[in-house]
Amino acid sequence: MSTTALVLAAGNGTRMKSQKPKVMHELLGVPMLHLVIKSAKEAGADRIIVVTGHQNELVDECACQIEGVETVYQDDRIGTANAVELAKPLIGDDDEGTLVVLAGDVPLLRPETIRSLIDDCVTHGAAMSVLTAIYENPFGYGRIVRDETDHLEAIVEDKDATPDQLEIKETNAGAYAFAIDGLFDALSRIENNNVKHEYYLTDIVKIFKETGKRVRALPVADNDETMGINDRSQLAKVTKILHKRITHEWMDKGVTIISPDTTWIGPDVSIAQDVEIWPNSYLRGQTSVGKGSTIGPDTRLVDSTVGEQSVVDSSIVLESEIGDFVNIGPRTYIRPGCVFETGSKAGTSCELKKAHVGPGSKVPHLAYVGDTTIGKKSNLGAGVITCNYDGFVKSKTVIGDGVFVGSDVMLVAPVTIGDGANIAAGSVISTDIPADAMAIERADLRVEEGMAKFIREMKEQA
């Protein structure tokens with residue numbers, strides 16, 4: 001039996017007051033739409049369809065960043081029932097399939113919760129199962145109306161509810177599982193006789209009841225999962241909940257997080273056991289950290305890998321690979337495209353870009369290394385700069401194995417330093433240096449006696 005997930009993402013999101021579609025706003029570096037799609041996939045959905053509307057080109061592009069996702073466009077936003085009906089050409093007539101409908105702005109639903117909703121519908125042979133949540137102050141939410149036998153009778157939108165119905169605390173969480181068989185026939189019978197003149201998907205409960213089909217309401221275990229996002233305050237609140245969920249999950253798996261409140265870990269990050277993360281650290285994107293490594297404090301890792309037993313201290317690492325037993329920082333900036341092999345180092349206040357640092361090689365401090373390959377067991381002294389840009393093109397520097405580069409050396413690319421070579425401090429190297437050679441390039445010392453005094457006197461007279 002197949003399961004299709006339909007994610008509703010057509011709304012304007014006007015309360016966000018943003019040029020960006022609401023569902024593209026990020027939680028811990030991930031668009032909320034991606035979080036919903038990911039949960040649906042992990043819940044076992046065979047297909048994912050996203051209904052787009054407002055700024056549909058942007059939402060289409062965002063949704064289709066995830067492989068296999070399809071989209072359908074809702075031109076006239078006249079209600080959720082219409083949004084589901086538009087997906088019929090893609091879904092087809094799957095008499096044995098299940099459709100789960102999710103909101104693109106409710107990103108905290110766990111895959112297990114979605115799976116339980118699907119299973120409830122299938123196991124009980126229901127036409128529909130709806131997820132519900134109980135709130136002490138349910139203002140704004142659709143109410144779950146039950147009959148005298150405690151079965152689902154109707155879902156009434158807040159604006160259409162009677163005073164008695166407004167006293168109900170059980171609310172519609174906005175997630176539904178449907179048996180596809182008979183669904184689209186029922187959708188075609190929904191009318192828009194309500195305050196907003198929209199075709200509410202929730203009105204399908206009444207139609208199913210009239211035709212003798214079973215409908216069910218399934219309370220959620222954790223109300224936080226059903227929190228929607230309509231404005232920036234809610235975005236911050238939901239982000240904080242996700243942040244707390246993720247940090248506690250990693251601590252339960254054997255990761256030491258010194259200050260959970262100041263450590264931010266994205267949903268797609270992977271962390272091995274016995275990693276230590278110190279305060280004010282941010283791990284985002286497709287980042288992974290190997291066993292026994294130490295991250296932070298004051299560190300940001302984005303789309304990067306860190307191997308085992310490595311240290312990244314007070315530094316930024318972007319789209320790079322940090323191997324095992326590597327030491328980065330403090331206050332070092334690793335720009336995209338860097339690779340650090342086993343036992344290598346980039347020390348205090350360095351900047352590296354598209355640099356490959358070989359095993360055991362070190363860039364200890366105050367250096368800029370760009371578009372450079374360094375062999376094994378080489379050492380670059382303080383203040384070394386690879387001059388990789390001449391104002392027109394970027395050129396490469398190649399440094400061999402066992403090379404020593406003295407302090408304050410400038411390597412003017414394109415240039416190659418052979419294995420075992422030694423570059424004297426203060427040199428400007430613009431030609432290739434052969435293996436095992438010593439290179440010294442300094443201007444002759446010139447001393448003009450009394451010149452400093454003469455300049456001072458001229459300044460005083462001016």
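This report covers a loop, the helix after it and a surface patch in a predicted model.

Residues are numbered from 1 along each chain as its sequence is written. Local features need pLDDT of at least 70 and side-chain atom pairs count only at pLDDT 80 or more, while totals for chains, interfaces and linings use all residues; side-chain values use heavy atoms, without hydrogens or water.

Helices (H or I, at least four residues) and strands (E, at least two) are DSSP runs, numbered from the N terminus. Threonine 226 sits in the loop between strand S11 (215–219) and helix H9 (232–252). Glutamate 225 is in the loop between S11 and H9 too.

Buried means under 20% relative accessible area, exposed over 50%, and partly exposed in between (1.4 Å probe, protein chains only).

| Residue | Relative accessible area | State |
|---|---|---|
| Threonine 226 | 5% | buried |
| Glutamate 225 | 4% | buried |
| Methionine 451 | 37% | partly exposed |

Contact means heavy atoms within 4.5 Å. Leaving aside neighbours within four places in sequence, threonine 226 is in contact with Val106, Leu131, Ala133, Tyr135, Ala173 and Val220.

The side chains of threonine 226 and tyrosine 135 make one at 2.8 Å. For glutamate 225, a polar side-chain atom lies 2.9 Å from the backbone nitrogen of arginine 110.

**Helix H9**

Aspartate 231 caps the N-terminal end of H9, with a side-chain oxygen 3.2 Å from the backbone nitrogen of serine 233. After H9 comes glycine 254, whose phi is positive, near 105°.

The buried residues of H9 include Leu235, Val238, Leu242, Arg245 and Trp250. Among the elements that cover the buried residues are strand S2 (26–27), helix H1 (32–42) and strand S12 (256–257).

**A surface patch**

Methionine 451 belongs to helix H10 (residues 451–461). Met451, Phe454, Ile455 and Met458 form a nonpolar patch on the surface, with about 370 Å² of accessible area together. Accessible areas come from the Shrake-Rupley method with a 1.4 Å probe; for residues, only the protein chains shown count as cover. Like charges are joined within 9 Å, nonpolar side chains (Val, Leu, Ile, Met, Phe, Trp, Tyr) within 5 Å.

Definitions and conventions. A polar contact is a pair of N or O atoms within 3.5 Å; within protein, one must be able to donate a hydrogen and the other to accept it, and residues adjacent in sequence count only if both atoms are side-chain atoms. Patches are made of residues with over 30% relative accessible area and no salt bridge: like charges are joined within 9 Å, nonpolar side chains (Val, Leu, Ile, Met, Phe, Trp, Tyr) within 5 Å. A salt bridge is a side-chain nitrogen of Lys or Arg within 4 Å of a carboxyl oxygen of Asp or Glu.
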